[in-house]
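Here's a quick briefing to go with the model below. Have a look at the structure, then read through the points by topic.

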Amino acid sequence: MATKAHLEGNKRYQEKLDRIAFYVDKGGKEKIKARAAETGAGSINAYIVSLIEADMGKLSDE
């Protein structure tokens with residue numbers, strides 16, 4: 001079970017982030033999830049962020 005301090009720390013971290021929501025056709029999420037797994041991105045979020053960064057020419061060397 002998470003402690004009060006842990007929950008407060010999570011809240012402070014999330015305040016530093018922006019949220020973006022978008023919609024895809026039925027079945028699109030599973031296709032994106034499968035492609036993210038194929039590329040080794042680890043998550044849909046990491047996959048989408050890497051695509052956007054690459055498109056913007058800001059892909060880091062991490």
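**Arg35 and the rest of the chain**

Arg35 is partly exposed, with a relative accessible area of 41% (partly exposed sits between buried, under 20%, and exposed, over 50%, using a 1.4 Å probe and protein chains only). Keep in mind that this is a predicted model, where local features need pLDDT of at least 70, side-chain atom pairs count only at pLDDT 80 or more, and totals for chains, interfaces and linings use all residues. Residues are numbered from 1 along each chain as its sequence is written, and side-chain values use heavy atoms, with hydrogens and water left out.

**The salt bridge**

- The structure holds one salt bridge, a term that covers a side-chain nitrogen of Lys or Arg within 4 Å of a carboxyl oxygen of Asp or Glu.
- The partners are Arg35 and Glu38, and their closest N and O atoms are 3.0 Å apart.
- Both residues belong to helix α2 and sit three residues apart, about one turn of the helix.
- An α-helix has 3.6 residues a turn, so residues three or four places apart point the same way.
- Glu38 counts as exposed, at 60% relative accessibility.

**Helices**

- The chain has three helices and zero strands, and from the N terminus on its elements run α-α-α.
- These elements are DSSP runs numbered from the N terminus, with helices being H or I over at least four residues and strands being E over at least two.
- Helix α2 has 12 residues and spans 17 Å from its first C-alpha to its last, close to the 16 Å expected at 1.5 Å a residue (the expected span is 1.5 Å times one less than the number of residues).
- Helix α3 also has 12 residues and reaches 17 Å between its first and last C-alpha, again close to the expected 16 Å.
- Just after α2, Gly40 takes a positive phi of about 80°, and just after α3, Gly57 has a positive phi of about 75°.

**Surface and the two valines**

- Ile20, Phe22 and Val24 make a nonpolar surface patch of about 340 Å².
- Patches take residues with over 30% relative accessible area and no salt bridge, joining like charges within 9 Å and nonpolar side chains (Val, Leu, Ile, Met, Phe, Trp, Tyr) within 5 Å.
- Val24 lies in the loop between α1 (4-14) and α2 (28-39) and is partly exposed, at 41% relative accessible area.
- Val49 is found in helix α3 and is partly exposed too, at 36%.

**Overall shape and confidence**

- The radius of gyration is 15 Å, whereas a compact globule of 62 residues would come in near 11 Å (taken over C-alpha atoms, with the globule rule being 2.2 Å times the number of residues to the power 0.38).
- Of the 62 residues, 5% count as buried.
- The accessible surface comes to about 6,200 Å², with 53% of it belonging to carbon and sulfur atoms; the areas come from the Shrake-Rupley method with a 1.4 Å probe, and for residues only the protein chains shown count as cover.
- The chain averages a pLDDT of 92, and 94% of the residues score at least 70, pLDDT being the predictor's confidence in each residue, from 0 to 100.
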